[in-house]
Every structure is written in structure tokens, then in C-alpha cells.
Amino acid sequence: MGKIFSIFGAVYGMLGVILGAFGAHALAKMLTESNRLDTYHTAVKYQFIHALLLILIGILYRSNKTKSLKLSGITAILGVLIFSGSLYTICFTGINVFGAVAPIGGSLLVASWAFLTFHFYKNY
């Protein structure tokens with residue numbers, strides 16, 4: 001699982017760079033005109049932060065395979081997919097109903113940090 005968490009973190013980080021550059025250059029006009037530039041930046045920022053979190057979890061998991069670390073990694077992976085994914089979907093399609101999905105992803109990201117906190121509390 002540690003390898004999977006680290007790979008997801010690295011891929012999310014790589015995609016964050018690509019999507020960030022794409023948004024700043026190729027999509028800047030469209031995102032500005034649709035008033036979605038801030039939404040796009042939020043999606044990229046949260047993706048980056050949690051890419052680093054996943055790499056940390058992957059590294060920690062190699063030497064300490066706790067249930068709380070596993071849950072932290074799984075909820076981080078799903079949280080980024082749902083939170084940032086729903087924001088990207090809004091930006092690309094203009095369908096605002098996907099905004100109702102973002103809090104689910106955000107809750108998963110909060111859960112990921114909570115599981116990590118629990119891991120540190122119990123193991124350090």
C-alpha cells in the first residue's frame with residue numbers, strides 16, 4: 001500500500017504541474033471569462049497539498065503499516081479525485097451541480113488528516 005500511496009502522490013503532483021500550467025496558459029482566457037479561475041486554482045492547490053500528503057503517507061507506511069495510515073492514504077486518494085475532480089468538472093463543463101459533490105471530497109480529505117493525526121497519536 002505504501003508504494004501505491006507514493007505513486008498516487010507522485011502522479012497527483014505531476015498532474016498538478018500539468019493542469020496548473022495548462023490553466024495558466026491555454027485555459028486562462030476561458031477560465032477568466034467563465035469566472036472560474038479561482039475555482040481552478042483551488043482544485044490545483046488542494047491536489048498539490050494532498051499529493052505531498054500521499055507521498056508522506058507512503059513513506060511512513062513502509063515502516064509502520066497501521067490501519068490508520070492505510071485509511072489516511074485511501075481517503076486522501078478518493079478525496080482528491082472527488083474534490084479536485086468535481087471542481088475541474090465544473091470549470092470544464094460549466095455544470096454547477098458538481099459543486100454539490102465537492103464537500104464529499106473535502107470531507108474525505110479532512111478524514112485523511114484525522115486518520116494521520118490518530119496514527120501519530122497512537123504511534124509516536
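Since the model is predicted, local features need pLDDT of at least 70 and side-chain atom pairs count only at pLDDT 80 or more, while totals for chains, interfaces and linings use all residues. Residues are numbered from 1 along each chain as its sequence is written, and side-chain values use heavy atoms, with hydrogens and water left out.

Helices here are DSSP runs (H or I, at least four residues) numbered from the N terminus. The largest nonpolar core has 26 residues; such a core is a set of buried Ala, Val, Leu, Ile, Met, Phe, Trp, Tyr and Cys residues joined through side-chain atoms within 4.5 Å, with buried meaning under 20% relative accessible area (1.4 Å probe, protein chains only). Phe5, Tyr12, Tyr40, Leu54, Leu69, Leu87 and Tyr88 have the most contacts inside this core.

Helix 1 packs on helix 4 at an angle of about 20°, their axes 11 Å apart. Axes are lines fitted to C-alpha atoms over the stretch in contact, and angles run from 0 to 180 degrees between N-to-C directions. The pair is therefore roughly parallel (angles under 35 degrees), and the crossing is left-handed, that is, the near helix is turned anticlockwise from the far one by less than a right angle. Helix 1 brings Phe5, Phe8, Tyr12 and Leu19 to the contact, and helix 4 brings Leu69, Lys70, Gly73, Ile74, Ile77, Val80, Leu81 and Tyr88; contact means heavy atoms within 4.5 Å. Sorted by class, these residues are ten nonpolar, one polar and one charged. Nonpolar covers Ala, Val, Leu, Ile, Met, Phe, Trp, Tyr, Cys and Pro, charged covers Asp, Glu, Lys and Arg, and the others, Gly among them, are polar.

Tyr88 also reaches elsewhere: leaving aside neighbours within four places in sequence, Tyr88 is in contact with Leu19, Tyr40, Ala43, Val44 and Gln47. Thr39, in helix 3, counts as buried at 18% relative accessibility. Not counting residues up to four places away in sequence, Thr39 touches Leu87 and Cys91.

Helix 3 (residues 37-63) and helix 5 (residues 102-123) have axes that come within 12 Å and cross at roughly 30°, which makes helix 3 roughly parallel to helix 5. This crossing, too, is left-handed. Tyr46, Ile49, His50, Leu53, Leu56, Ile57 and Leu60 in helix 3 meet Leu109, Ser112, Trp113, Leu116 and Phe120 in helix 5, giving ten nonpolar, two polar and no charged residues.

Note on methods: Helices (H or I, at least four residues) and strands (E, at least two) are DSSP runs, numbered from the N terminus. Angles under 35 degrees count as roughly parallel, over 145 as roughly antiparallel, 65 to 115 as roughly perpendicular and the rest as oblique. Buried means under 20% relative accessible area, exposed over 50%, partly exposed in between (1.4 Å probe, protein chains only).
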